Amino acid sequence: MSREIDEVKREVAIANRVLAEMGLATHILASLGHVSMRIPNQPDLFVVKGRGYATDALHVVRPEEMIVVDMDGNFIDGPKGTSQCYEVKMHSCIYRERPDVLSVVHTHPRFTNVLGLNDVKLKPLSNEGHQLVRNDIPVFPHSKLIITEVDGMQVVDAIGSSPVLLLRGHGAVTTGRNMEQSVMNMLHLEEQSRLNWVALAAFGPDYKGIPDESMDEFAVGQAAMREAPHLARPLANMPPIPMGGVWKYYTELVSKDL
């Protein structure tokens, strides 16, 4: 295996740990969920968390435990005695049909799962991730495991070009142009779901969300930020930030023993 694959394995292991650190794979869900990443220079292969580890929990996965898989979901490389994740077809079918996708996440986020199962339409309740839930989120109307090629293609058909898909009673899938985006999409989805749960409990089903015009206003203001007289010069002198602060903080936090 190439140096590039080793680097991707490390990134995938760290991303899986972030899901656990942020509470999406804890307690009874400690072993449930998987992040994958397409190998940039070998786009017909990807790396994903597997099964069969001595301790199968996202909190402690290691780079050398990650599995290399092809576009049909076949095991290409990994530790002896391990397997690709059982729902690998969820990943392989999306990658094969969506060349724009470079990372896929599946977890069982608690608030998202309960609200989705009860057909609660998520309303944008904070600026963070509001565009993700602004429109209706597509739903895969089954809670079955995604094991076969048919299952995987049904997921592809359901998600379409959306970055997020709800699996009825079975969590969610998010995608991204990079791994930071796919994982942050999942984290934002669960945070919006948590806020919707709180609003529903506090105010009943007619609680208010952020209106479309306010989200449009936010986007315009954010785009024009570098033109503000008091910000233009300092922002122009700042080096480009390769990743968001939340992602950088948590990836560094969980990788101290790697």
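Which residues does Asp 56 touch, not counting residues up to four places away in sequence? In this predicted model, where residues are numbered from 1 along each chain as its sequence is written, local features need pLDDT of at least 70, side-chain atom pairs count only at pLDDT 80 or more, and totals for chains, interfaces and linings use all residues. Side-chain values use heavy atoms, with hydrogens and water left out. With contact taken as heavy atoms within 4.5 Å, Asp 56 touches Ser 31, Lys 49, Gly 50 and Arg 51. Asp 56 sits in the loop between strand S3 (50–51) and S4; helices (H or I, at least four residues) and strands (E, at least two) are DSSP runs numbered from the N terminus. Lys 208 is 152 residues away from Asp 56 along the chain, and 41 Å separates their C-alpha atoms.

We turn next to the sheet. An open sheet is formed by eight strands in the order S5-S4-S2-S1-S7-S10-S9-S8, with mixed pairing; two strands pair if DSSP finds at least two bridges between them. Strand S5 (75–77) and strand S8 (139–140) are the edge strands, each pairing on one side only. S1 and S2 are joined by a hairpin through two residues, and their antiparallel pairing runs over four bridges. Within this pair, Ser 36 stands opposite Val 48 in S2. S2 also pairs with S4 in the antiparallel sense, again over four bridges, and here Val 47 has Val 68 in S4 as its bridge partner. In a regular strand the side chains alternate between the two faces of the sheet.

Helix H2 (residues 88–97) lies across S1, S2, S4, S7, S9 and S10, running at about 35 degrees to S1.

Helix H1 (residues 3–21) also packs with helix H8 (residues 245–254), at an angle of about 100 degrees and with the axes 9 Å apart. H1 is therefore roughly perpendicular to H8 (angles under 35 degrees count as roughly parallel, over 145 as roughly antiparallel, 65 to 115 as roughly perpendicular and the rest as oblique). On the H1 side, Ile 14, Ala 15, Arg 17, Val 18 and Glu 21 meet Trp 247, Tyr 250, Thr 251, Leu 253 and Val 254 of H8. By class, the residues of this contact are seven nonpolar, one polar and two charged, where Ala, Val, Leu, Ile, Met, Phe, Trp, Tyr, Cys and Pro count as nonpolar, Asp, Glu, Lys and Arg as charged, and the others, Gly among them, as polar.

On a 1 Å grid over the protein atoms alone, a cavity is a set of points where a 1.4 Å probe fits but cannot get out, and a pocket is an open set with protein on both sides within 12 Å along at least five of seven lines; lining residues have an atom within 4 Å of a point. Grid points are joined across faces, edges and corners, and a volume is the space filled by probe spheres set on the points. The whole structure holds one cavity of 30 Å³ or more. Residues lining the largest cavity include Thr 112, Asn 113, Val 139 and Arg 168, and H3 supplies the largest share of this lining, four residues. The lining of the largest cavity divides into four nonpolar, five polar and one charged.

The largest pocket contains about 420 Å³ of space. Of its 18 lining residues, Arg 177, Glu 180, Gln 181, Met 184 and Asn 185 lie nearest the centre of the pocket. Strand S10 (172–176), helix H5 (179–203) and H8 each give at least two residues to this lining, with the largest share, five residues, coming from H5. The pocket lining has five nonpolar, nine polar and four charged residues.

Key. Axes fitted to C-alpha atoms, helices over the stretch in contact; angles between N-to-C directions.
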